[in-house]
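Let's take a walk through a protein model together. Have the sequence and the 3D view ready, and follow along.

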Amino acid sequence: MLFNLCAYKDSTAVISDRGERYSYGELNAMQQNLSVLLKQGRLAFCLCNNTVGSLVGYLSFIQNHVPAVMLDGEKDIEIINGLIDIYQPQYLWIPENRDSEFEGKTLIKQDGYLLIERKTIQYEIHPAIALLLTTSGSTGSPKLVKLTLQNLQSNADSIVQYLDITSEERPITSLPMYYSYGLSVINSHLVKGATILLTDKTVIQKEFWTFAKEMEATSIAGVPYTYEMLRRLRIFRMDLPSLKTMTQAGGKLNAKIAEEYIRNAEETGRRFFVMYGQTEATARMSYLPQERAIEKYDSIGIAIPGGSFSLIDGDGGDITEPDVDGELIYKGSNVSMGYAECIADLSKGDENNGVLHTGDIGHRDVDGYYYITGRMKRFVKIWGNRCNLDAIEQLVKTITVNCACVGVDDLITVFVTEPGLDTEIKNFLSEKTGLNIRAFTVKVINAIPKSPTGKLLYSELQKLIN
């Protein structure tokens, strides 16, 4: 069992921005209300938001061995239905305001959520699977990462160790629960009996900071976009006496901005942790120790406790020399079992065996610190959400066939040959993915470059945005 809620039964587990306050004992009782209705080993979809109801559902599924797919609670119904068709979940845990969108028998209403049971086919799910997280962030790709309780426990324990998390902490939910990074914040604090400050407000909203200050938030987590926005909001001037720790992952933060945060943290008695992770490794694989942070502010640091890194060249050989680029390989007990893209994949065992080929290119310096320099695959991170450029491209093709997508972190560029589609494409992608319209830009060119065999030349398009 990942969470021993009874061990902290009298301590405050959660305080929400809606005025709710529950102890660990009360939270345990709430999740048990669901547990009596659940059959172990049956799949559930959990439509998440940063509320007590969402948290209760997650805890109940984890505690009762019901594998759950964590999804954005605001995700487009067409995308959710597509995933339902593929994976045939028996249970849906959904916000009450989405009741009319789903069919099935309502088993219970609790904390603003409904538990719906669906008539579905019965199929085998590997008993080690505890949780499934999406890899695409927003596009509705059927690919899911299969995580075990050991993965979750191992990663939570490592994070607790290097961040020195205690029961006195009060992290605020600045990231969504369905996102592996946001979920890891919750996991790593619940295992230590800390108090989670639950809010769906974003860091650009005044209500977020009012809640953070009133409830004495001790830590905040963010992706690069979060910290770029906080600079504009002049966080260094904010009166937040309880805030002691800031953590950053979900993509590479501009080196100068990272240095600025690290130096400010040192000057104000706070801590700013640069980290690196992937959903395939449950959440986090590295952190930058505070004692070397100023010196190595452009680094992702070293492997988390219990993990290790290595580098391989194009032929699969080990790279032992410093400052030589290669693919970054991670080993650790937090590495997932592998992927699922259909029901049959849910019955498969561990295909990774504790080893993850990250797909990132990087090098190691003479002190053993690692640096990311590029990516091998067509993924970009938009404000911490990993987005598959091929999936985005397929969405655009429903509007115009002659298109291609390339990108860098925090911006996807859509190339088209037909003028006048800028607004339509950006609005459509924003609606389908849930990303802000500013994540996309549309450029018109005479022709989409292709090879003699008809293959799109993405490298040529990439040059147009660099």
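This is a predicted model: local features need pLDDT of at least 70, side-chain atom pairs count only at pLDDT 80 or more; totals for chains, interfaces and linings use all residues.

If you skip residues up to four places away in sequence, Tyr58 touches Leu2, Phe3, Cys46, Met70, Leu131, Leu183 and Asn187.

## A four-stranded sheet

Now for some strands. An open sheet is built from four of them, in the order β16-β17-β19-β20, with antiparallel pairing. β16 (308-312) and β20 (370-375) are the edge strands: each has a single partner, so one side of each has no neighbour in the sheet. On average, neighbouring strands here are turned by 50° against each other, ignoring direction.

Zoom in on one pair: β19 (residues 355-364) and β20 are joined antiparallel over five bridges. Look for Arg364, which stands opposite Tyr370 in β20.

## Thr135 in its loop

Where does Thr135 sit? You'll find Thr135 in the loop between β8 (129-134) and β9 (144-148). Is Thr135 buried or exposed? Its relative accessibility is 5%, so Thr135 counts as buried.

What's around it? Setting aside neighbours within four places in sequence, Thr135 is in contact with Lys143, Leu144, Val145, Glu280, Tyr339 and Arg386. The side chain of Thr135 also reaches the backbone oxygen of Lys143, at 3.5 Å.

Key. Residues are numbered from 1 along each chain as its sequence is written. Side-chain values use heavy atoms; hydrogens and water are left out. Helices (H or I, at least four residues) and strands (E, at least two) are DSSP runs, numbered from the N terminus. Buried means under 20% relative accessible area, exposed over 50%, partly exposed in between (1.4 Å probe, protein chains only). A polar contact is a pair of N or O atoms within 3.5 Å; within protein, one must be able to donate a hydrogen and the other to accept it, and residues adjacent in sequence count only if both atoms are side-chain atoms. Contact means heavy atoms within 4.5 Å. Two strands pair if DSSP finds at least two bridges between them. Axes are lines fitted to C-alpha atoms, for helices over the stretch in contact, and angles run from 0 to 180 degrees between N-to-C directions.
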